[in-house]
Amino acid sequence: MSVLVYINSNGEKIAKSAFEAVTYAKKLGEVTVVTNGKTDDSTLAQLGKYGASKVLVDRSFEGIDEQQLTRMVATAAEKEGANTIVFSNDLIGKAVAPRLSVKMNAGLVAGATGVPQEDGTIPVNVFSGKAHGFVKVNTDKKIIALLPNSIQPEETGADATVEEFSGNAGDTRVTVKDTKFPEGDIPLPEAELVVSGGRGLKGPENWNLILDLAKELGAATACSRPVADSGWRPHHEHVGQTGVAISPNLYIAAGISGAIQHLAGVNRSKVIVVINTDDEAPFFKAADYGVVGDAFEVLPRLLDAVKKFKASN
Amino acid sequence: MKILVCISKAPDTTTKISFTDGDTKFDEGGVKYIVNPYDEWYALVKGIELKEAHGGSVTTITVGTAEDDATIRKALAIGADDAVRVDVKAEDAGQVAAEIANFAKEGAYDLVLLGKETIDYNGSQVGGMLAEHLDMPFISLAERMEVNGSKATLDKEIVGGVQTVEADLPLVVSCAKGMAEQRIPNMRGIMAARTKPLKVVEASNAAKQTSFVKYGLPAPKSAVKLIDPNNMDELVELLHNEAKVI
């Protein structure tokens with residue numbers, strides 16, 4: 001079976017979520033990747049290591065306009081005779097996959113967390129991670145958008161062949177005026193390590209405790225809803241049911257009590273460390289490791305311990 | 001400016017989730033439904049703000065049964081002018097998008113606004129699907145929007161940053177935090193909502209492209225391991241050797 005994977009490759013490096021999507025698709029059939037933009041051939045060929053046989057690249061346009069990308073992926077699917085299309089359910093996948101679903105009349109499984117079961121149903125998270133469900137696709141063609149960090153990339157093959165192709169992407173009707181990447185920030189939805197602070201830190205002037213530890217660990221920073229609502233931290237750092245849902249390998253929460261809405265955004269983290277003065281804080285029930293103590297004392301100690309660990313490893 | 005806002009209901013954020021009928025159905029017993037927060041706080045209020053600034057109208061549309069009327073009245077109380085309900089139980093994003101598109105394509109709307117996702121199924125699917133049906137650009141995860149004549153300027157979240165884009169109306173826009181501030185309906189709004197028009201239209205019986213066949217709850221977590229707050233070396237050692245995450 002021919003499986004098509006769309007990946008975003010406008011930079012020098014290919015994101016881990018792209019390797020995850022290719023690894024996933026390889027479990028379903030023969031993999032062709034489609035992409036656009038300026039990433040060089042030798043970098044794209046590395047997708048072969050994760051199971052892609054072929055990479056189709058449209059060099060005629062850059063950018064992430066969802067209408068152009070939809071047309072390009074549809075063209076590639078037709079060319080390859082692919083009835084299954086895999087996306088990473090990242091911000092681009094979330095904009096393109098639904099459009100493509102209508103264009104190709106293909107049922108969309110958004111936020112898949114694993115491969116199809118024996119009965120063909122595909123697991124997804126529902127109720128903001130408070131539960132999971134199994135989805136049956138009723139159309140012949142299907143689109144699967146894989147939740148980032150759901151599977152580990154597996155290196156199995158050799159280089160893929162890279163072919164230029166025309167995706168008939170057409171024009172964009174959206175003009176990009178400006179693009180800003182906050183300096184030094186690690187994007188939260190893709191971060192493997194996250195350090196997060198809540199109201200227990202008492203004010204934005206104390207955030208160096210979070211920022212310093214995050215920098216030392218190479219982690220992204222996050223916060224609880226009251227912190228974002230008070231303007232202590234920017235909105236995009238708010239994790240929880242009405243903020244961003246994340247699934248890092250490690251989530252360190254300091255001064256967050258762990259309301260059900262916050263847990264819904266972080267309970268897919270592999271390991272959770274909770275630092276809180278209140279040993280009755282509900283977050284401890286969801287934690288793997290707990291430290292009952294004052295974040296103002298514990299965080300500097302943890303920073304020192306991480307520095308010591310890094311120096312000796 | 002004619003604005004259409006898609007409104008969905010969702011279980012209150014404190015709802016304890018459970019399933020029934022052999023784990024094939026969400027147990028609605030005792031569940032309190034609210035307007036999906038992203039639809040209400042950001043899409044609906046932004047629509048009302050734009051109407052206040054530029055004139056025009058705000059119509060809400062919901063795909064659902066008479067059980068959804070209470071949440072639709074709440075949206076009217078916040079300030080929408082009128083509401084439409086497509087009379088069919090919403091079971092699949094593809095079905096919902098097709099039903100909304102079927103209604104919207106006759107209405108010559110300048111803007112179709114919706115929340116970035118619902119907090120129950122978290123699919124983020126309807127906006128993109130609707131845009132494809134209506135052949136409009138889809139601006140996803142917008143945090144800010146200004147309209148000048150026939151043009152809109154928006155800030156949207158992209159991976160690792162923020163992009164400012166400009167496009168001609170009509171547009172489909174999915175709204176995220178920052179777009180507008182939540183509004184609490186006042187008594188006058190609540191009274192007025194009772195008599196605002198809520199039109200029920202027949203569904204086109206769009207196909208369901210996907211169906212949920214079974215649900216489950218996550219396995220309970222094992223008990224937390226408590227670490228001495230004076231011994232952070234131990235925590236780092238455990239994260240390295242036991243949890244293997246650093």
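Strand 10 (residues 174–180) of chain A and strand 11 (residues 161–168) of chain B run antiparallel to each other and are joined over six bridges, where strands are DSSP runs of E with at least two residues, numbered from the N terminus, and two of them pair if DSSP finds at least two bridges between them. Within this pairing, A:Thr179 has B:Gln163 in strand 11 of chain B as its bridge partner.

This is a predicted model, in which local features need pLDDT of at least 70 and side-chain atom pairs count only at pLDDT 80 or more, while totals for chains, interfaces and linings use all residues. Residues are numbered from 1 along each chain as its sequence is written, chains are lettered from A in the order in which they are written, and side-chain values use heavy atoms, with hydrogens and water left out.

The contact as a whole (heavy atoms within 4.5 Å) draws 83 residues from chain A and 76 residues from chain B. Between them the two chains bury about 6,900 Å², 60% of it on carbon and sulfur atoms; buried area here is the accessible area, taken with a 1.4 Å probe, that two parts lose on being put together, summed over both. On the side of chain A, the residues that lose the most area to chain B are A:Leu91, A:Phe127 and A:Tyr289, which together make up 11% of what that side buries.

Five salt bridges are counted between chain A and chain B, each a side-chain nitrogen of Lys or Arg within 4 Å of a carboxyl oxygen of Asp or Glu. One of them links B:Asp135 with A:Arg173, whose closest N and O atoms are 3.1 Å apart.

Definitions and conventions
Helices (H or I, at least four residues) and strands (E, at least two) are DSSP runs, numbered from the N terminus.
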